[in-house]
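Please read the report below alongside the sequence and the model, which are displayed first.

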Amino acid sequence: MYDFIKDPSIYNFVRGPLVWIAFLVFIGGGIYKVRHLILLAKSEKVVMPYISLKLTLRSLLHWLIPFNSVNWRLRPVITIVTFLFHIGLVFTPIFLVAHNVLIYESWGISWWTISEQLADIMTMIVIGSCIFFFLRRILAPEVRFVTFADDYIILAISFLPFITGFLAYHQWFLPNKTMVILHMLFGEIMLIAIPFTRLGHMFYFFLTRAFMGSDHGFRHSRDW
Ligand code: HEM
Ligand code: HEM
């Protein structure tokens with residue numbers, strides 16, 4: 001049988017052009033999404049007049065501190081898992097030695113890195129959090145009620161780069177090269193999916209805060 005994993009052109013494609021495509025779609029899609037939402041808000045004449053930078057920043061700061069807002073305090077376990085999950089999710093890939101080496105090889109730039117041990121721990125936290133969110137979605141009736149297929153899909157898209165990166169690093173199960181190829185593919189799928197799915201909240205969460213924070217400060221409403 002033809003062993004496609006051993007074919008170097010597969011590796012080269014996933015390690016080369018597909019990385020470019022993934023980053024271009026991720027950044028271009030993100031810019032498009034934010035622009036689109038701002039234009040939409042402008043066309044709704046009732047939104048823009050009371051958006052205030054001061055109230056937006058106040059709301060963002062208030063909410064980014066764990067346990068500071070009412071909703072975070074009401075659900076302490078979820079709050080801790082959500083914060084740890086996001087810290088691992090965003091910072092591990094950026095400060096990972098393996099990623100920095102690849103970026104240096106390709107573009108000649110590099111930045112700070114975290115130790116491999118810390119990266120491994122943060123990776124396990126992300127993997128564990130995904131399992132936690134998954135179980136919560138199937139086991140808690142009030143969550144299951146509002147869970148649809150796309151909730152599982154975005155969870156899987158977040159989970160797969162971490163589990164495959166972890167397995168590649170430890171060289172478990174599949175031959176290393178196969179796992180690295182799978183990891184790169186899932187990483188690229190995640191980057192491409194972010195602008196087009198609810199994962200896009202990483203680009204527009206500050207707009208949600210701008211709306212809710214300003215609305216609250218302006219009208220003292222509590223629409224949420
Ligand atoms: C865009 C293309 C990507 C490429 C080319 C890439 C490449 C790599 C490579 C070569 C490794 C090392 C594997 C080994 O040691 O054998 C790795 C590890 C890892 N990558 Fe990526 N990666 C990509 C995207 C991502 C994304 C989007 C994420 C998560 C958001 C991610 C998270 C990780 C993690 C968590 C590890 C393992 C950390 C550990 O347990 O030590 N990668 N990646
Ligand atoms: C960088 C800025 C980001 C912020 C401020 C942010 C914020 C949030 C918040 C507030 C929630 C709701 C938590 C809850 O239900 O209690 C959430 C959920 C989630 N976020 Fe993010 N996020 C960010 C980036 C990302 C990225 C880059 C990804 C993945 C690519 C991601 C994946 C998820 C997932 C999968 C959930 C849902 C977990 C579940 O099933 O309940 N987030 N995020």
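The structure is a predicted model, in which local features need pLDDT of at least 70 and side-chain atom pairs count only at pLDDT 80 or more, while totals for chains, interfaces and linings use all residues. Residues are numbered from 1 along each chain as its sequence is written, chains are lettered from A and ligands numbered from 1 in the order in which they are written, and side-chain values use heavy atoms, with hydrogens and water left out.

**Overall build**

The protein holds 11 helices and 0 strands, where helices (H or I, at least four residues) and strands (E, at least two) are DSSP runs numbered from the N terminus. Its C-alpha trace spans about 65 × 35 × 35 Å along the principal axes. Of the 224 residues, 35% are buried; buried means under 20% relative accessible area, exposed means over 50%, and partly exposed lies in between, with a 1.4 Å probe and protein chains only. Among contacts with a separation of 6 or more, 62% come from residues 24 or more positions apart, a contact being heavy atoms within 4.5 Å. The protein exposes about 14,400 Å², of which carbon and sulfur atoms supply 74%; these areas come from the Shrake-Rupley method with a 1.4 Å probe, and for residues only the protein chains shown count as cover. There are 18 positive and 12 negative side chains, and the centres of the two sets lie 12 Å apart. In this count Lys and Arg are positive and Asp and Glu negative, with His and the chain ends not counted, and each charge is placed at NZ of Lys, CZ of Arg, CG of Asp or CD of Glu.

Donors are N, O and S atoms within 2.8 Å of the metal (3.2 Å for Na, K and Ca), and water is not among the atoms, so sites may look incomplete. The iron atom of ligand 1 has His 99 (NE2) and His 183 (NE2) as its protein donors, at 1.9 to 2.0 Å. Because His 99 lies in helix H6 (residues 97-107) and His 183 in helix H10 (residues 176-193), the pair ties together parts that are 84 residues apart in sequence. The 6 donor atoms around the iron atom of ligand 1 subtend angles of 85 to 178°, which makes the arrangement octahedral; six donors count as octahedral if opposite donors are over 155 degrees apart and all others between 65 and 115.

The iron atom of ligand 2 is coordinated by His 86 (NE2) and His 201 (NE2), likewise at 1.9 to 2.0 Å. His 86 belongs to helix H5 (residues 76-95) and His 201 to helix H11 (residues 201-219), so this pair ties together parts that are 115 residues apart in sequence. The site of the iron atom of ligand 2 is octahedral, with angles of 86 to 179° among its 6 donor atoms.

| Residue | Relative accessible area | Class |
|---|---|---|
| His 99 | 23% | partly exposed |
| His 183 | 18% | buried |
| His 86 | 31% | partly exposed |
| His 201 | 35% | partly exposed |

**Individual residues**

Gln 171 is found in the loop between helix H9 (149-170) and H10, has a positive phi near 55° although not a glycine, and is exposed at 54% relative accessible area. Phe 173, in the loop between H9 and H10, has a positive phi near 60° and is exposed at 75% relative accessibility.

Val 143, in helix H8 (residues 141-144), is buried with a relative accessible area of 8%. Leaving aside neighbours within four places in sequence, Val 143 is in contact with Arg 136 and Arg 137.

Note on methods. Tetrahedral: all angles 85-135°; square planar, octahedral: opposite > 155°, others 65-115°.
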